[in-house]
Every structure is written in C-alpha cells, then in structure tokens.
Amino acid sequence: MLRHSGTRRGFLKTVGFLSAGLATGNLTACVSGVGSRKPFTRPNFVFILVDDLGWRDVGCFGSSFYETPNIDRLGREAMRFTNAYAASPVCSPTRASIMTGKYPARMDTTDFFDAPQPGHGKNKNKPLQPAAYINRLPLEEVTIAEALRQADYSTFFAGKWHLGPSEEYWPKRQGFDVNKGGWSKGTPGRPGRYFVPYGNPRLEDGPEGEHLPDRLANETVKFIKANKEKPFLAYLSFYSVHVPLQSRADLEQKYTEKKNKLGLKAKWGKEGQRKVRLVQEHAVYAGMVDAMDKACGKVLDALRELALDDNTVVIFMSDNGGLSTSEGHPTSNLPLRAGKGWLYEGGIREPMMIKWPGVTKGGSVCSEPVISTDFYPTMLEMAGLEQMPQQHIDGVSLGPLLRGGKSLGRKAIYWHYPHYGNQGGFPGGAVRTGNYKLIANYTDDSIELYNLKDDIGEKNDLSEKMPKKAGKLKAMLEKWRKDVDAKMPTSNQLFGS
C-alpha cells in the first residue's frame, strides 16, 4: 500500500481503465495501425535507460566503432527518434522527468542529486551562485510506476536510481514492487565498482567475477519470467556507461585490436576551456558499450523465448549526452557539439527508440522533436489508461507519431540548467521551436541562435543576423521560466574579491 498522503492516494484513484470493458479485457480497440480490430490486451513495458550514452554511441544511430548488434536489432523493430531529447544535460533531472512527466524546473530538481548547493566552496570563483535545487524526487509526485501499479501492473526496477538521498525516496517507496540496485548513488560503488563486490545495499553480491550490466539483465529476466502471466513494467536502468571507465578485459582487448586495425588515433578540439574528443576510439569505453548491448540482448531474447515479444512495448533512451569534455573524455558526439553537462546538442540529444508491437512500423524514423517528459502520457495511452494531465503536465503522448503521424502540434520544448556543470558547461536555458534553437547563457545574459536543420553542429550563431527570431525565442523562454517558477542563479558577491 502507498504510504503517501491522502491527497496523493486520492489522485491515484483517478488512474483507471478507459471503460469497465477494458478492466475485464473485453474492450475492442484498433491496435494494428492498419485498420484491423482485435480485443485490447494491456501491453507489458520494458524501459531501458542507459547512463551517459551519447546520441551516436550505438550502431543504428551512426557509430562505426562501437558494436551494438542487439540495440541495432531493436532499431529495426522499433521507431527511431532522431530529434529526441533528455530534459537535462545531467542525469537526475532527466530521470525525474521520466518518472513524473514534468520538466525539472517545475519541480526544482535541476541538478544531479549530490551536486553542491549555493554557497559551496566549489563555486566561490564563479560569477554566479547556482540556483538551489531539491535533491530528491518529491513523494507527492505520482510516478509512472505508481500509476501502472494502481492499474494492477507488477513493477520492477534494476540499476541506477539517483533520485533521493535516503531509503524513503528509493524505488520501493516510489511505485516499484522490486528494487535491484537502486539507491542514492549515481555510480557503481566501491570496492569492485562494475564487478563484485558491488558495495550496493540494494544488490547482494554475486559470484566472483560477476559483471554489473550482466547481473542487472539477469535480474530483469528473472522478474519477467516470474510475472509473464500479468502485465508488468520492467525498468532496466543501467549504471553503464557512466564513469568509472572499467571494462571487461576481453572486450577492452577486442576494441584495442579494432582501433589498431583501423588506424584510429585520438583527436581533440576545444569547447570553452575544455578539450573535447573528436573521434570514437576509446577501447575501454567501447567495451562498456558492448557489454551494455549484450545485457540488452539478454532481455530482448527472453521476451522472444517467453512469447511475450508481440505484447511488450520496449523503450530505449539515455539520460543525457555522451561524456566528451571531462572525466576521461571517453566518447565523441560529433556531428553534435559538446556533450554531457552542456546545453548544446551533444549534451541533450539522445538515441531513442520505441517498439510498440502491432502499432509502430519496425525500422521507421521520426524527426519530430520529443523529450523525456513525453514517456509518461505515452505509456498511459498504450496501457489504455486515463491521462493524468495534472501530473504529466509537461508531457505529450507520442501515440500519434507512433501510429505514423508527422507532428504533435507542440509549439516548443524547453531546458533550464542554472548550474555550472562538472563538464565545463555554463548556467543557462534553451528553447527549441521548429528547426530553431536558442540558448541563453545566464552568466553574461548572452544568447545564441541556431538552425538545427542546416547546422546540427551549432557552429553558426544566427542571433545577430536574425534578431527578431532570436528575440521571439528569448521571450518564449523567459515566459516559460515564469510559468514553471524556475529558480535562477544569483550574483556571487565574493567573485573577484
């Protein structure tokens, strides 16, 4: 039973079937996308979230160095979204947006959940004090797991949570029946990190040599087998491919040999004061991507072997852009600019796919801009459940796109990151409408305007050439910040003293 407030329990009661017929399995719905009709069966959900995976870090999104045959297979069965975005350039805010259907700025969950707060010595030499943020997913929010569990779904979480400092805010208090490995930390713990011993209070150690991504896949498969007779949500949230950079030895050797065979060498550019990797050739990181892909394959194979493949929605996403300007600089996001921690495309554009059997055409591609807040209403629609507009207020169901439509009719999508990223990024915000994207730098009140259709690498700032367009987007961003009550950074009185 949920232990949250009466208000929250009352709100959850609004989550229901579209009709009594659906509750008994008798509702007829068009689910094939080609006009045929058959009894509606609530789908299962497998949600795969990868940590720090860049837009071009899998084969079906353009990597020729990292090998991801299982994810590529999913790409052939799913719709690929080429303009899909995380709600933040860092992890916790995006994860909160998926769980709630809300922009991080609306919840004040705008930085990763153990980042320094204003006044911390880390920021003493910066012109701004970053905005304060809430370091937990508020219990008042009705998570997508709670909404599905209220509709009699079994719910399972494995891997990285990073949405609260104590057990009170961990997965089992936020709608998940089972939690394997989700706690306060955002990286694999010591002493073994990606290998046993894990040092994780919510994941008991396995045998010597066990590898974390494989273990999380095994736990997911175990849950699916145990719950194959009823609808389920299996949320597989990898710690991979976040630092520490640590690979299986055989996979590191595989990519070292591949790198040498191809004659690949590290090349570097500059982003702000940071160097940025320009070539995908990091053998350890490649091994981490490969192991994550193998784990995905284990779960996808289990769905097929259990004859669940035709009634399981599979969603694949990353929580922010690839790490390219810091902490080992393990990947390149080219042709995108910058990476994790930045509001340029490399920090927020993600490899995203959705497989909706019987509805979505396999191998199809959608270029409509979408964002991580959209998963919540999409999953409710797929399950035949009522929408919860007071909860997923910033999300839009992707159902029309998954059925072959071309547009959602949405005016714009927004970002607010009022912090200094560990990766060199500046406090700022952004808005995208159509092909145009404006970035506002809160440090000096400057703006940048890009036409992403013509300039995906954000090299040609159009703000001076198109002042009316820039002014319009800036006004939209400012109005949105006011509407969501976004907290802003403040002047640092100690700066320069």
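A cavity is a set of grid points where a 1.4 Å probe fits but cannot get out, and its lining residues have an atom within 4 Å of a point. In the predicted model described here, a search of the whole structure located four cavities of 30 Å³ or more.

The largest cavity holds about 70 Å³ of space. Its lining is formed by D111, F112, A115, P116, K122, N123, P130, H419, Y420 and N422. Sorted by class, this lining of the largest cavity comprises five nonpolar, three polar and two charged residues. For the second largest cavity, the volume is about 40 Å³. The residues that line the second largest cavity are W183, T187, P188, G189, R193, Y198, N200, L212 and Y239. Here the classes are five nonpolar, three polar and one charged.

Attention then turned to contacts between charged side chains. A total of 35 salt bridges was counted in the model. One of these salt bridges joins the side chains of D301 and R73, with a distance of 3.0 Å from N to O. This pair connects distant parts of the chain, since D301 belongs to helix 9 (residues 283–305) and R73 to helix 3 (residues 69–77), and the two residues are 228 residues apart.

D319 and R95 are both buried.

A salt bridge was also found between R349 and E345, in which the closest N and O atoms are 2.7 Å apart. Both R349 and E345 are buried. Finally, salt bridges were found to join several residues into a network, whose members are E67, K254, K258, D290 and K294.

Key. Residues numbered from 1 in each chain as written. Predicted model: local features only at pLDDT ≥ 70, side-chain atom pairs only at ≥ 80, totals over all residues. Heavy atoms only, no water. Salt bridge = Lys/Arg side-chain N within 4 Å of Asp/Glu carboxyl O. Helix = DSSP H or I, 4+ residues; strand = E, 2+ residues; numbered from the N terminus. Buried < 20%, exposed > 50% of the residue type's maximum accessible area, 1.4 Å probe, protein only. 1 Å grid on protein atoms, 1.4 Å probe; cavity = no way out; pocket = protein on both sides within 12 Å on 5 of 7 lines; lining within 4 Å. Points joined across faces, edges and corners; volume = space filled by probe spheres on them. Nonpolar A, V, L, I, M, F, W, Y, C, P; charged D, E, K, R; others polar.
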